[in-house]
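Good morning, and thank you for coming. Please look at the model on the screen while I describe some of its contacts.

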Amino acid sequence: MNEILKKESLSPAVKLMVLNCPFIAEKAQAGQFFILRANELAERIPLTIADYDREQGTITAIFQEMGASTKILGQMEVGDSILDVVGPLGVPSEIEKFDAPVIVVGGGVGIAPIYPVARALKEAGNEVIAVIGARNRELIFWEDKLRAVTDELVICTDDGSYGQKGFVTNAVVDLHTKHGKIACLWAIGPMPMMRAMTNVTRPLGIKTIVSMNPLMMDGTGMCGACRVQVGNETKFACVDGPEFDGHLVDFDLALKRLSIYKNEEKRAIAHMEHQGGGCGCH
Amino acid sequence: MSLKQRADRQAMPCQDAQVRRHNFDEVALGYTEEQAVTEATRCIQCKNPRCKAGCPVEVLIPEFIQAVAERNFAEAARLLKERNALPAICGRVCPQETQCEEKCILGIKGEPVAIGRLERFVADWEMAQPEVKSEAPAAAPKTGYKMAVIGAGPAGLTCAADLAKLGHDVTLFEALHVAGGVLMYGIPEFRLPKAIVAKEIGLLQELGVDIQVNMVAGKTILVRELLQKGYDAVFLGTGAGLPRFMGIPGENLCGVFSANEFLTRTNLMCGYQFPRLNTPVSVGRRVAILGAGNVAMDAARTALRLGAEEVTIVYRRSAKEMPARAEEIEHAHEEGVKFQLLTNPVEIVGDENGWVQSMTCLRYELGEPDASGRRSPVPIPGSEFTIDVDTVIVAIGTDPNPLVTKTTPGLDLNRRGNIVADDDGCTSVPGVFAGGDIVTGAATVILAMGAGKKAAQAMDAYVRNKAAATAQ
Ligand SMILES: Cc1cc2nc3c(=O)[nH]c(=O)nc-3n(C[C@H](O)[C@H](O)[C@H](O)COP(=O)(O)OP(=O)(O)OC[C@H]3O[C@@H](n4cnc5c(N)ncnc54)[C@H](O)[C@@H]3O)c2cc1C
Ligand SMILES: Cc1cc2nc3c(=O)[nH]c(=O)nc-3n(C[C@H](O)[C@H](O)[C@H](O)COP(=O)(O)OP(=O)(O)OC[C@H]3O[C@@H](n4cnc5c(N)ncnc54)[C@H](O)[C@@H]3O)c2cc1C
Ligand code: SF4
Ligand code: SF4
Ligand code: FES
Ligand SMILES: [Mg+2]
């Protein structure tokens, strides 16, 4: 179990892995995630289930190499097994048939998690528009896969090296003008991007679902590390979310909470590189 | 037996407080053989041993103590294990002063027999002697019944062990990546070394229990599916693991942690070995712990060991009402933990980066007794004051986790979300049994074990009766 069956580089820092996880594949739904621990020394980190195949018993993860844990994962190869994988976790996306087009927006590595949402929305009979954005052409992936489950695909790059130049927020405003009514929008990506998106959709009156990615550990509601403020309530993203009404989320607080272990994260990377350096002192 | 010339209660040898507050090694070092024998001879072998009635699993207390007095430690171990599968753990963590030792006759005029310490001594002695190790009781012939146990805390571990001994095929499903429950993720290494818990879990595997970690009931597997997929009965021992918060402003600031998060990062993930191990844990210079139970003491003493300079327990009642084990409070005092009693926070205040800076508190006094019989704390108007802190750890209790209960239709819950189960662990769903903290709310290791034991018996009876009924 938990064997890496396939590994690909989607862009310089973004990798795809297909894992043999039949229990998770059997139950996985759009919007859910899993937690893995690469080896005995590793921390537990959450990743979205970017795709799943119930027959093959596989799930797909797409991750950006950020710090120690994702770099360790990135060094694992086909045939290696991940020590611990648990899921599916979180509440699935609430998919329904809407009376107007819906938009799914993926920013950066967030392009991956919008795929299962788009597919589920399409299967429910919706007109689905996808907007994906990244800094440049190199960071765009899964264009064809998304095209297959959407009616319209808009690609944005900050530098204009591919698709239209500009941010995903601009594209959404244009789409709203073009279609007149948008029933609902999913925005998944870095927190600043999701915050910007909610600021744009609020005056347009578009219901906006965001997928929060706070610090997590157990993923079962036991530790409270993942708490986010939604309206006047404290929610645990791992069991109450990760999807929430973006217009109610306190993004400022959520962004600050992401930095709780900033110093330790730097030390973890330094330690990892030091070890890799073959200095023989460990 | 004569009452004169009885030795004093043997003190527990401990690491020096000033040394131990900087390490994670076990605090209590355990009796030597001589101390154990001396302590055992203090027991007057009552004809009607009151101590036994104080123990939730009725350990054969005078009997095993007699064997210790006779230096027959192997026999003592055998006697202990007749009622208690995890003596090395209970000897360390039971609140003896409110259970067996509270009832000990010697306690009336002087100090009770140190039953817990003797229990620990015997269990440790046995673990150290592989050659004399009393062989695991021969498992009964295979029954062919399949049993599922969900949650590998003390309740689930005990239930699984007893079911396996009865000859059933047992699968134990655990959400985390290791079995043990609170014994692994909550209670710190310096109080309960994880190697001891791991050893007990190893015995379970020897009994043939199939332990499947990383399986979240309610997500990865559903109770209803287990019953459909050929399991004859299911035990729910999922504990009370959902942390409560106070609901005051500032509680989501950076630097405010639940005790569960803080302790799990440190214990389960070995955060104190960061960065060799990869999970970070952080603690500030001045730490406030909210609450005064075992969890609060563990968090306070862990904070010291992680390098905090000043750690303060903030509790709204007085010293008398603190729910923690007496020994833990004493150890915390010795290590330099401070206590702000009759005090409760009303707000946590942060700086411009969203980090905790201080805490505004009110002073309390004790008023009339409340429903629990304890005098209830009443805030003193105008008594507001501020304490400077940079870390706040909330240890005011836990609630049952709803992942399993919400996904199991027909399961009766009480107002608090605990599963309703009778003394044998039977729930409102046929074939589904429950015990431990998920039924009682946060309680003790030994009570959870007792519940797991009873449920194993009831599950055994259930599958046999059902088979008999269908055979007719
Ligand atoms: C529900 C959910 C789904 C996610 N899905 C994906 C995904 O599909 N692809 C992807 O690339 N990333 C995803 N993330 C983020 C991913 O978990 C973090 O990037 C990863 O944990 C960073 O670990 P690190 O040790 O490599 O980096 P670090 O250097 O430790 O951290 C880098 C940054 O990642 C965040 N982070 C650190 N530790 C955690 C943690 N335990 N939990 C969550 N975030 C953390 C913090 O913002 C931190 O500053 C998801 C997060 C959540 C909560
Ligand atoms: C820090 C701390 C210190 C304590 N100190 C003491 C002490 O000194 N003495 C004492 O007697 N008691 C103490 N207690 C209380 C004692 O630990 C508990 O009463 C006891 O562990 C309860 O046992 P349990 O088996 O019911 O649940 P737990 O020990 O909570 O175990 C439940 C298990 O179920 C798992 N689980 C939960 N949900 C699921 C799911 N959906 N699917 C699969 N698995 C699941 C959990 O991960 C966990 O492993 C302490 C508790 C804490 C937190
Ligand atoms: S199990 Fe606990 S209560 Fe019972 S005798 Fe042992 S220490 Fe005392
Ligand atoms: S009550 Fe005390 S003295 Fe009497 S048998 Fe029990 S431990 Fe011994
Ligand atoms: S990750 Fe621990 S409660 Fe959500
Ligand atoms: Mg990390």
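I begin with a definition: a salt bridge is a side-chain nitrogen of Lys or Arg within 4 Å of a carboxyl oxygen of Asp or Glu. This is a predicted model, in which local features need pLDDT of at least 70 and side-chain atom pairs count only at pLDDT 80 or more, while totals for chains, interfaces and linings use all residues. Residues are numbered from 1 along each chain as its sequence is written, chains are lettered from A and ligands numbered from 1 in the order in which they are written, and side-chain values use heavy atoms, leaving out hydrogens and water.

Over all chains, the structure holds 45 salt bridges. In one of them, A:Asp51 pairs with A:Lys145, and the closest N and O atoms are 2.6 Å apart. A:Asp51 lies in strand S5 of chain A and A:Lys145 in helix H4 of chain A, so the pair ties together parts that are 94 residues apart in sequence. Here helices (H or I, at least four residues) and strands (E, at least two) are DSSP runs, numbered from the N terminus.

I turn to the two chains. How many salt bridges are counted between chain B and chain A? The count is two. The side chains of B:Glu225 and A:Lys27 meet in a salt bridge, at 2.9 Å from N to O. Chain B and chain A bury about 3800 Å² between them, with 58% of it on carbon and sulfur atoms. Buried area is the accessible area (1.4 Å probe) that two parts lose on being put together, summed over both. In chain B, the residues that lose the most area to chain A are B:Lys219, B:Asn252 and B:Asn278, together 19% of what that side buries. The contact (heavy atoms within 4.5 Å) takes 44 residues from chain B and 44 residues from chain A.

Finally, some details of the backbone. The peptide bond from A:Gly241 to A:Pro242 is cis, with omega near 10 degrees; A:Pro242 is found in the loop between helix H7 and strand S16 of chain A. Another cis peptide bond runs from B:Phe274 to B:Pro275, with omega near 5 degrees. B:Pro275 has its place in the loop between helix H14 and strand S7 of chain B. A:Trp142, a residue other than glycine, has a positive phi, near 60 degrees, and is found in the loop between strand S9 and H4 of chain A.
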